[in-house]
Amino acid sequence: MSSHLLSLASLPNPQSPPPSTFRPPPPPPGHKHHFLSQRVHIPDYIYKHPTAILLELCTSTKEVHQIIPLIYKHGFYDQHLFQTKLVSLFCKFNSLRDAARVFEPIEDKIDPLYHTMLKGYVQNSSLDEAVSFFCRMKCDNVEPVVYNFTYLLKLCGDNSELRMGKEIHGQLIISGFGSNRFAMTGVMNLYAKCREVHDAYKMFDKMPEKDVVSWNAIIAGYAQNGYAKVALELMVRMQDEGERPDSVTMVTVLPACADMSSLMMGKSIHGYVVRAGFDLLVNILTALVDVYSKCGAVGTARLIFDAIHSKTVVTWNSMIDGYIQIGDSEEALGLFQKMLDEGIEPSNVTIMEALHACADTGDLDKGRFIHKLADQLGFGSDVSVMNSLISMYSKCKSVDAAAKLFGNLKNKTLVSWNAMILGFSQNGRVNEALHYFHQMLLNNIKMDSFTLVSVIPALAELSVLRQAKWIHGLAIRTCLDKNVFVMTALVDMYAKCGAVQIARKLFNMMDERHVTTWNAMIDAYGTHGLGEDAIELFAEMQKSPIKPNDVTFLCIISACSHSGLVDEGRKFFTMMEEEYGLEPANDHYGAMVDLLGRAGLLDDAWDFIKNMPIEPGISVFGAMLGACKIHKNVELGEKAAKRLFALDPDDGGYHVLLANIYSTSSMWDKVAEVRSKMENKGLRKTPGCSLVELRNEFHTFHSGSTIHPQSKEIYAYLDTLVEKIKAVGYVPDTCSIHDVEDNIQQQLLSSHSEKLAIAFGLLNTNPGVPIHIRKNLRVCGDCHNATKYISLVTGREIIVRDMHRFHHFKDGTCSCRDYW
């Protein structure tokens, strides 16, 4: 594509200067060439003729074709006015083919006709074709005008064709427009759009005279290339040099304020807008809505929004996005509905924002309505809208619907693959997430940091260290291991694979840390029972530039809970609001109840719930019920269960917990009553399931299962193993089983899923190799006790990850110190 101008510059011309200077060949013999200045007079009757007037009023190609017979009838077809107007109209209505049919037969073409035709090529064809026509103009000895170059420069910028743009720049200088302010502004825009903003500034700096358009161009260049601060500094300099910012300047710098989250600067510019009389312009008011929203002042943004009389769809989009950014998706959806009620047709951006809000709220029904609306509006082939739909369905736990959309999507982008992989990962469909990741690589789709951040959590759920190291190696090979979000995901993954030391090593290697990085490492220490290390890391975080957020405090309070650090947990809960101004949510209150309850302070925990300033939720009463199970408190357990059944009557897990509380107190009639209610409601206990990985294959065990190919060997080995651990002090805990003989009770305990998984691992691995087990439920007391003794008699380290935390069993002890 870049060969057009270069080849033209080398055309032979015996009278030309050295080849480095561009000069077109002389016109062919007998060629008549006219300039507009050679036309002395166009009679008034031609301008005022009804045909000319009708031509001016045309609004479509069809109407132009209806006028052409009149032009022929009155003998005007050879008139330059009509020829140029026809070419101009056909180009305006995107019919370059018709424009060429008018242009080509004309023998005596004037320069304006060429200029009009070039504009048509720029607007309606490719850069190659536009440059080819420009070269033809040079061959036809047409004298270029400045806007020929500005049109071509804009087309190069829009296509990010820097090399061709530089050649056009060179021809512009050769043609004598190197100091033309209009032309050089076009050059600046080219370099800025091609992300060469420093070259754009060189052009700007060389301009002898700068007007407001030049200033706006360079300010926009910096703002659009991520240099918001420089853009704002240039606006200040612009005023210092005597140039008054106009409305375009305001529209340019306001997004820069939003990017910097500079509310003070935004307010300052808002004041200038009012003083300059721009406060009635809807585009500026829309930009102000965006600034205040992105700076967290959504209330102010809404006041401006409500005062705008003629809102555009962009205005609505800015306000809806403002609510989404602060997490108020309900209000965003309400505003979206109001927009529809007022008859404003949504754009694709509106649809994507509304789908984002549905995803955040988990409102599947509303999401389906918006999906139907998107189809009605013709967005069914818009890949960005489809990607938003995939994300919405995934987050609303309808990942199969997302997969169907993905399968039907013809022009899949990297974003599409990332959304689908993340969707499976978020919904616990680990195998599908990994399958799609491999399919993406097989399709030669180059992954990015978002891909890794999507697939790494899936591997974290598998909790297989070898797989973790594989994806880490892939991140290094693709040079994505310096990305802060990829590294944060790796820290979290290693921790969830039981390798908390490796996680900390990666954490220490990071030059840049996000708040999520700190949270991941603090949470890692908490889930591994290393509460003191979590507290030390939190203290280190306080000394860093990164401030703790609400998730940080949830992690550190939970870490204290898992390690029995009650006083420290209380201190952090108080610190959260008093020192950092963070209002505790239900999850924080739930963590505090868990902290107090695990420590046996059940009355304190219940009083804490009663004195909560907000309505206690499921997480609060769930923590209370769990604590009552640990400490066998029937009275408070019943109270907590009653509230849980009212909040979430369809969750069988809470019924099972209550039944377990009754069974530990030998209240078998109450156990039967709970189980009867579960049967009547169709509720089922989640079956215990344990996984162990061996030679790239996962082996799944359920309590009492005999379907595994090695079942006979596993049960035989387990019988022997139980006898060995009994010999060193193990006593089966049969208090939760009744109405059966003692030997049957022990057999039922021996067939728990984690014991079967441990036996399988011991049978199929070499001595000294650690056994990694993944359990879907909380480890029961008997299995926890048995595993300690198994680690003692076998000399093996056994790492168990249950639904809440890690247990590292070694030499007869557990890392949780029997506090879990």
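Colleague: How do S1 and S2 pair, parallel or antiparallel?
Modeller: Antiparallel: strand S1 (residues 689-694) and S2 pair over 6 bridges. Strands here are DSSP runs of E with at least two residues, helices are runs of H or I with at least four, and both are numbered from the N terminus. Two strands pair if DSSP finds at least two bridges between them.
Colleague: Which residue of S2 is opposite Leu-691?
Modeller: Thr-700. The hairpin of S1 and S2 has 2 residues between the strands, and Arg-695 there takes a positive phi near 50°.
Colleague: Before we go on, what should I know about the model itself?
Modeller: This is a predicted model, where local features need pLDDT of at least 70 and side-chain atom pairs count only at pLDDT 80 or more, while totals for chains, interfaces and linings use all residues. Residues are numbered from 1 along each chain as its sequence is written, and side-chain values use heavy atoms, with hydrogens and water left out.
Colleague: OK, back to the sheet. What's the strand order?
Modeller: S2-S1-S3-S4-S5-S6, an open sheet of 6 strands with mixed pairing. At the edges are strand S2 (697-702) and strand S6 (813-814), each pairing on one side only.
Colleague: And in which sense do S3 and S4 pair?
Modeller: Parallel, over 4 bridges between strand S3 (residues 771-775) and strand S4 (residues 798-801). His-772 has Ile-799 in S4 as its bridge partner.
Colleague: What about Ser-398, buried or exposed?
Modeller: Buried, at 15%. Ser-398 sits in the loop between helix H23 (383-395) and helix H24 (399-408). Not counting residues up to four places away in sequence, Ser-398 touches Leu-364 and Tyr-393; contact means heavy atoms within 4.5 Å.
Colleague: Switching to aromatics: how many pairs does the structure hold?
Modeller: 29. Rings of Phe, Tyr and Trp (its six-membered ring) pair if their centres lie within 6.5 Å; planes under 30 degrees apart are stacked, over 60 edge-to-face and the rest tilted. One of the pairs is Phe-406 with Trp-417, whose centres are 4.9 Å apart and whose planes are at 80°, so it's edge-to-face. Phe-406 is in helix H24 and Trp-417 in helix H25 (residues 414-426), so this pair ties together parts 11 residues apart in sequence.
Colleague: Which residues do ring pairs link into a cluster?
Modeller: Tyr-201, Phe-204, Trp-215, Tyr-222 and Tyr-227.
Colleague: Last topic, helix packing. At what angle do the axes of H35 and H37 cross?
Modeller: Roughly 10°, with the axes of helix H35 (residues 586-598) and helix H37 (residues 618-631) coming within 8 Å. The two are therefore roughly parallel to each other. Axes are lines fitted to C-alpha atoms, for helices over the stretch in contact, and angles run from 0 to 180 degrees between N-to-C directions. Under 35 degrees counts as roughly parallel, over 145 as roughly antiparallel, 65 to 115 as roughly perpendicular and the rest as oblique.
Colleague: Which residues make the contact?
Modeller: Among them are Tyr-589, Val-593 and Arg-598 of H35, and Val-620, Met-624 and Ile-630 of H37.

Technical notes:
Buried < 20%, exposed > 50% of the residue type's maximum accessible area, 1.4 Å probe, protein only.
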